[in-house]
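Student: I am new to this structure and would like a close look at one part. Please take me slowly through the pockets and what lines them.

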Amino acid sequence: MTQQSESPDRDRAPAARPDPDAAYLERRTLRRGSAGPLLLTGLGVAYVVSGDYSGWNAGLAEGGFGGLAVAAVLMGLMYTCMVFALAELSAILPTAGGGYGFARRALGPWGGFLTGTAILIEYVLAPAAIVCFIGDYIESLGLFGLESGWPVYLACFALFIGVHLWGVGEALRFSLVVTAVAVAALLVFVLGALTDFHTSALDDIPVDHGAFGSGSWLPFGVLGIWAAFPFGMWFFLGVEGVPLAAEETKDPARTLPKAMAWSMGILLVLALLTFVTATGARGSAAIQDVGNPLVEALQPDGEATALSRVVNYAGLAGLVASFFSLIFAGSRQLFALSRAGYLPRFLSLTSRRKAPYLGLLLPGALGFGLAASSGDGATMLNIAVFGATISYALMSLSHIVLRKREPHLERPYRTPGGVLTSSVALVLALAALVATFLVDKQAALIALAVYAVAVGYFACYSRHRLVAAAPEEEFAALAEAEEELRD
């Protein structure tokens, strides 16, 4: 009896095929666990700290001391409410998509794209604006005989993008050190300005008697409060970017809400101290249209002092901190949108050090080109503010929708006040959006034009090529499946 020969491979299990989704995501991975509460709190303050040194004072020319004070309080309320809402959303969905991911879950692909694009406009334009201010500071300080212009802009982008390419941990530690210097100098400024503080200096702007509701505290009337909204935002603009570091955070569901709350608390205190002491030391009229209001507040006779020089150099540190951190935020938002297919996918490729190198280099090149060709930092920053207000409204709306539609969703952190808190943020964000047209209609129209081009790209091309395996898309798909099962 002959035995039948058997193939040696007959009983062997079929070889596992490579998972194309796993391979795709493997090439688009950030370094996990690089950021703890301290680094994230520093990141939140770094986004904003340059706004304490300059920019906000232009709101005095729109609303006077009283108008800007009310605007700053309302914008501080908007940011506080929004930060609490984002803290809940970031604990639910701790991914690099940040606002895009939140809106994608709540408002669908269109909502996710519109939110992510608005955030991207903010974080690409803001560094381009700030690098112009850095150039002006370097020139005014006479550092190495340099003048503001493209060589300075190029050096800033090349140096600080290089640090980001080195690694996220190194980048955030650098940001923390520079931010600490800028914050310490703000506190030194406050102590110095208090020695020459006079309440009579607060409301010294001439009154426009033709404006409705005008008076010494509201020299341009009630409408001046609304016009000052964008400048009240400068004390807080950018803090909402903390969730973009979610995939590089240790225990993000616990760490992100804590870091965001601490960041916002520090910024509220700094805004109050800086605003009141600067106007009270020098007078609202004297600092309403200067580029370095804190330095001007310490030089009543126009002569530089040791303290004013320290604050002047610290202002440069504050600009560097915000410039550096906003590059980080823009690269992470671009990374997430690209990874999910909303933007060209190659932009989300990461290096061996897990840095999204094209997501850093492309916005950097674009920002450098804008700065070098125009040098108009004010207009670019106003465009960034316009994009920011759109994203604020959509992120606040996302919190409301998820609370109403998915009340049983696991929430490691819950927003105090619930939908009432996010509703306040939504209303104030819409008011701030309209206010941008009162301040700089041209910047608002430019932002709308950029937005329209992006919407056309999504409608005609990328919405048909989304990557279902991307974390934000997968999270939304699971929600849709669960909803179908319930029905």
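Tutor: Let's begin with the names we need: helices here are DSSP runs of H or I with at least four residues, and they are numbered from the N terminus. Keep in mind that you are looking at a predicted model.

Start with the largest pocket, which holds about 650 Å³ of space. Its lining is made up of 26 residues, and if you want to find the centre, look for L120, I121, V124, L366 and V450, which lie nearest to it. Several helices take part: α5 (99–141), α13 (306–339), α14 (357–374), α15 (377–405) and α17 (441–460) each give at least two residues to this lining. Sorted by class, the lining has 21 nonpolar residues, four polar ones and one charged one.

Now move to the second largest pocket, with about 380 Å³ of space. Here 17 residues form the lining, and S54, G55, F133, V290 and G291 are the closest to the centre. Two helices, α5 and α15, supply two or more residues each to the lining of this second pocket. The biggest share comes from α5, with four residues. By class, the lining of the second largest pocket counts seven nonpolar, eight polar and two charged residues.

Take α13, one of the helices that line the largest pocket. R339 pairs with E247 in a salt bridge, at 2.6 Å from N to O. This pair links distant parts of the chain, since R339 sits in helix α13 and E247 in the loop between α9 (229–232) and α10 (252–282), 92 residues apart. R339 counts as buried because its relative accessibility is 2%, and E247 is buried too, with a relative accessible area of 4%.

Another salt bridge joins the side chains of E88 and R411, at 2.9 Å from N to O. E88 belongs to helix α4 (residues 60–92) and R411 to the loop between α15 and α16, so this pair ties together parts that are 323 residues apart in sequence. E88, at 1% relative accessibility, counts as buried, and R411 is buried as well, with a relative accessible area of 9%.

Methods
Residues numbered from 1 in each chain as written. Predicted model: local features only at pLDDT ≥ 70, side-chain atom pairs only at ≥ 80, totals over all residues. Heavy atoms only, no water. 1 Å grid on protein atoms, 1.4 Å probe; cavity = no way out; pocket = protein on both sides within 12 Å on 5 of 7 lines; lining within 4 Å. Points joined across faces, edges and corners; volume = space filled by probe spheres on them. Nonpolar A, V, L, I, M, F, W, Y, C, P; charged D, E, K, R; others polar. Salt bridge = Lys/Arg side-chain N within 4 Å of Asp/Glu carboxyl O. Buried < 20%, exposed > 50% of the residue type's maximum accessible area, 1.4 Å probe, protein only.
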